[in-house]
Amino acid sequence: MKYNKILKVAAVGTTLFLGSCISDLDVKPLTSNVKTSANVYDSPEAYKGGLAKLYASFVLTGQQGPAGQSDLAASFDEGNSSFTRLLWNFQELSTDEAVWTYTGDFGGTLGNLHYHTWTSADSYIELMFARIMAIEVIINEYIRVTAGTDNADLKLFNAEARFLRAMGYYYGMDLFGKMPFVTEADEPGAFLPQQISRADLFAYIESELLDIQDKLGDAGFEYGRADKGACAFLLAKLYLNAEVYIGSPKYTEAITQLKKFLAGGEFSGAYSLAPNYLDNFLADNNTSPELIFTLNSDGEKSQSYESIWTMIKGNTNGWGGIRTTKSLVEKFDNGDTRDHFLTANQTLEIEEINQRGQGYGVYKFRNINKDGSTPASDITGFTNVDNPMFRLADAYLMYAEAVLRGGTGGDVNTALTAVNALRNRENETPIGDISLGELDLDFILDERARELYFEHQRRTDLIRFDRFTGGDYLWPWKGNVKEGTSTESFRNVFPIPSSDLASNPNLEPNDGY
Amino acid sequence: MMKFYRFLNVFFVIVCSVASLQALAQSARVTGKVTSSDDGSGLPGVSILEKGTSNGTVTDADGGYSINVGTDAVLVFSFVGYASQEVAVSGRTQIDITLETDVTALSEVVIVGYGELKKEDVTGSIVALNSKDFNKGVTASPQDLLLGKVAGVSITSNSGAPGSGATIRIRGGSSLNASNDPLIVIDGFPVDNNGLAGVANPLASINPNDIESYTVLKDASATAIYGSRASNGVIIITTKKGKQGKPKVEYDGLVSVSTPAKYLDVMDANEYRSLITELAAQGISGLNPALVETLGTENTDWQKEIYRNALSSNHNLSVSGSVKSIPYRVSYGYTNQEGILMNTQMERNSLNINLTPSFMDDHIKLNVSAKGSRIFNNFNDAGAVGNAVTFDPTRPVRDEVSPYGGYFSWLNSGATSGTGNPVAQLEQTDNKAIAHRLVGNAQLDYRVHFLPDLKLTVNAGIDRQESEGHNKAGLDAEFARNASGVVVGRNNSYSGMNESKLLEVYGNYAKEFGKHKVDFTGGYGWQHFYRESFATNRNGDNTSIVEIPPFKTENFLLSFYGRLVYSLNSKYVLTATLRNDGSSRFKDHWSLFPSFAFAWNMKEESFLRNVEQINDVKLRLGYGQTGQQAVFDDYPFLATYSQSTSTAQYQLGDQFYYTWRPEAYDPNIKWESTTTQNVGLDVSIIDSKLRISIDGYIRETKDLLNDVKITAGANFTNHILTNVGSLTNKGVEVSLNATPVSSKNLTWNAGFNLTYNKNEVTKLILYDDPGYIGLPGGNIGINANIQNTQVGYPANSFFVFKQVYDASGNPIEGLFVDQTGEGGSVISNEFNKYRFKNPAAKVLMGVNSRLDYKKFDFSFSGRISLGNYVYNNTESSLAFYNNAYSLSHFRNMPKSISDTHFIDRQAYSDFYVQDASFFKMDNISLGYNVDKLLTQKLKARFSLTVQNAFVITKYKGIDPEVDGGLDNNIYPRPRVFLAGINLSF
């Protein structure tokens, strides 16, 4: 009898226990810094945190600055995965403006950029392709969760998200031509995105930017936010390069957008040239009136190994990763105060790419304030310099170029005034005006180098002038020859990464690769 | 948690009510004494059962007993280590008997998951080792007891650091990216294998002296009872228990000296000076004659500066016996192990308490054990190992004018960056941790009164491990720099806790029905794992505080399992197991893992029964599925968002915002499943003097849990944890154990085992694309990988350019075979690389021998590894002339530069993929036994042991045994000389 009793107790106990234990299997994250999709956006503040991630994705590399909780696979070095740093590699290292000392990086393939010998297996190519598309998928998610609302803030956030998506696709189209294409209609998963042609992507970016133009905030409404100014600027960039992208010119459309930045235009009063050239590149460059759109960093609160950190810490005063070629140095006349080179212990000529003592250093970006003081956060090793992605000087130069290339709606005298304004900044020793006769396309290309060197632009500019590949323009070590040699024109776009071709049969390689 | 305690209450209610029951009334009384044939002393704890009933008792401390039985009953006397005897009462009231020791009986019972089986009933591939088989002189790392002893088990210590962990692989890895560690079960408690910061080796908390036996379960039919954790094999550790009788005291003491076994052959100051002079004359490495003048004048052997002969000691004291018929064992262990690298140390205090009382005529047995340990580790800075190889030999260790603690540093002599001074690293770093661990469990077995063939077991326990550590360096520590190369010191602290709780309830029913024998085990298990960690990083002056967000995570594992062993005529044995595991890590929690096995005891057949030369022949066939749930994350199927830390905010307007990032996830993620087929043959011949086991297996893993690249645009990142790919391991294991000589004065036992394993990846990506270059691995620099995993090749093959050699066999710098035939620069095209060898050994062998001559014993054990290749990263990253002077400072060079004379680094040359086959003599030991030391009762053993005695290899690096295959200046494994004494009374 007693045994029966025991067994009964045991049976009841076991049943109770089992029933309650099986529900143990349904778990939720335990820490407050991890939430589920059901409860993450529980406050306006949280929505802004979601928006901040979209901006941050273009410069930071993960959720734990400067490195940790990487956005992209841990098999890549996180420090090298910043969008701006990769963009800088593509846009600068492949040109006359920069060489990289440590050619062993990325498995010995990073040197291929300067030599124009990259292949579809070079991992920095895969990394950039992945970075751009990861940004787009995160943005699409945000566009989904902020869609269909009457809340004014959320509508604005939604428009900004669409701007950032268009900007991501713009850089993808510029670098790779064809891209995988996903919108808010595509839920994340394990599906295989379709490929979109360069022309179709161009049309998509254009239509998106035109559609959100009126939905964005007024120029300069809040620092760091994409506004009407940023939208007009990106449209102008798109149109100015339309011949490259779609084979037909859109210089008139470019002028329409760029006129907004000139005196009497929609944005007059919102932007003006900084009195000192360097004001745009210093720790407190957020105070420069010239900046139209920035990607922000902070030495204490927003740390990553982004492009400006790399340019400052990796110059020849630092770990010596970056130098420039004589082709850039020789573009500056005596008296041009924009030539911020480091010449001590450096030779002008580059005999060997991996010798840090050969080629001048560049000291344009600096982690000091306008008044010469060093920010307190400098001790962290990270910088306060915000990345001046779009700035007024560039708008002026684009305007002049669009006019010279035959766009209508502008005029060449206004162009001349705009270009000369850059050479006569308020607090700088004047570089000297140029005459109308000197203002031609060759001048523009060189002037863009002098004004915008190291600002993630050079490759796009050289392609627009058909001097990136081919033999019309040579610089040291182009084509892996000291004097420079001709390279093949298919290299005007980068290859679709071999690993993506392997994982997605919808992707076609680019011609020549 | 509440549920857990609620259950414990129920559990204790049951225990108490059962214990209060009165024994059933008996009739006639028989008394007597049971003695041992060994020495005639009374044997306590012998179980006495009236045959065919549940009526029984056990002998008391002196071997006496008393039992009420029917006058024509038959009594069965049985005790572990002795041959059982059946005695008919035949009306007697006094029966004294002597039990014969039975050597084979000791090994007749084999521990398996959730119980034990008679050896003849075992159908799986199982190897059991007890303390007499263990390697001698093991003090810190319990896994070393097994080193080289078991076919199919490879143990590679991670480094020579004191108490270092090890990589244990049973039959190679069944997984690619998920864990390949076997499940470790300590006294019925499957322990959490997740590491904890500050703990070098999760096993090190167990004192090797407390281990009674190891059982290694290799094939799926043996492991399937552990279901989703069984794919990589199971190691069951049983600790020593107390025995009935008078207190037995045992003391073990060991002192040892560890010495560096080998130094890397680099240039001395004079050789280096002439090299630099020569290079400067040629303008190599940016050198010029003026720079030669800046060389130092010293002759420092940096490796000799950082290594030392290290002294260690080890003491263990154990007392076992019984108090009021409750057997106990208490042991205390103290280990203080110094590392050969200056200022590295491990100190362990451990206490192990075991109580094994029984109640109600052995119907209830309780096993309560608690293992506590405190481990102190001084990890220091193992980076000094590499820097000692590189540091300029012409420089002094100390420099009085240096602001960096008086150590010579490059920063002090003009260079902005440079190799850290290794002596400074070891003297200025304070990198220590303390870890506490408690594993406690109580197991209650109840042999049901009215159904004695049924045994019910409840096992409840907790394993809690806490650690706390710091890593500090002062503001004058030149090597402690921040991301921008500024010397800022560091003061980093961390802590963590891993806890797992266990509850198992199972029953076992064993019964013979004539020719038929059935043994059924069925049960339920619940285990909860919780882990948390905290860390804060600061500069040396406590500025720049970065709080790493607290990490907390948990998972649950629930299981229902059953095993049926059916045996016919003791000839044919069938085993079927089934486990249903539920894991909180997957959306579909539940999955089934079945296995089937068959064994044929051929000796029982008429055609062998009378063949005297053959003592035993058994054929085993097994098939089973096991799983893998050790994924990297506890919530891989949930759509989650992560908030950024304080250093990854983003500025909009004047404000900084913590950002929210959606995390990539696969809602359909599931278990990895491994199917194993095993064929085994066990033969024992010539009076069991030669015992042979041969096993062949095929193991296929499907739905590999891989953190794989996902195509751009499909998800929030470029990689995801998902099920894709498959791989196969095929192998053969042979194990020979022989007793060639066995006489009164001389006994010789010898063992040999051989393992052959071949690993091949059979599927890797969702879409088979010939253009896919494979999965990179083996990091050797910034985004630089030397290994690659591709379909049709072994995992982690080296991925390199094929070096071209000149007529005299010297490598031609920069000249590699153009595999694609596309021309142009070979090295700028990844597709010109090929897959050349891999780190896994083709064949592993273990040899061991033990000779007992009178009072002396002599034993050794060693390992042979064939076909394991190593990428000599030390050489490839140092031995090229342009490395002699870099970043404005000098760097020493391995003498092997004379093999290549490379000017630039040739990192991807297959020249550096080198054959690292080896023979290692792991252990040589000599012992002397004294039966009566000083007094009648005191027994003693004296021993001398050498560990890591010698290595035979043609590999030129410090040590050919490299876990993972990338030789990167690991903390070298020392040679250890030990002297020991063992006393018992």
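Predicted model: local features only at pLDDT ≥ 70, side-chain atom pairs only at ≥ 80, totals over all residues.
In what follows, contact means heavy atoms within 4.5 Å. By that criterion, 90 residues of chain B are in contact with 117 residues of chain A.

Residues are numbered from 1 along each chain as its sequence is written, chains are lettered from A in the order in which they are written, and side-chain values use heavy atoms, without hydrogens and water.

Let me turn to area. Buried area is the accessible area, taken with a 1.4 Å probe, that two parts lose on being put together, summed over both. Chains A and B bury about 8900 Å² between them, and carbon and sulfur atoms carry 61% of it. Within chain B, the residues losing the most area to chain A are B:Y641, B:Y650 and B:N783, together 9% of what that side buries.

One salt bridge is counted between the chains (a side-chain nitrogen of Lys or Arg within 4 Å of a carboxyl oxygen of Asp or Glu). The side chains of A:D71 and B:R661 form a salt bridge, at 2.4 Å from N to O.

Finally, the strands, which are DSSP runs of E with at least two residues; two of them pair if DSSP finds at least two bridges between them. Strand β1 of chain A, residues 34–36, runs antiparallel to strand β31 of chain B, residues 640–643, and three bridges join them. There, A:V34 stands opposite B:S642.

How values were computed
Helix = DSSP H or I, 4+ residues; strand = E, 2+ residues; numbered from the N terminus.
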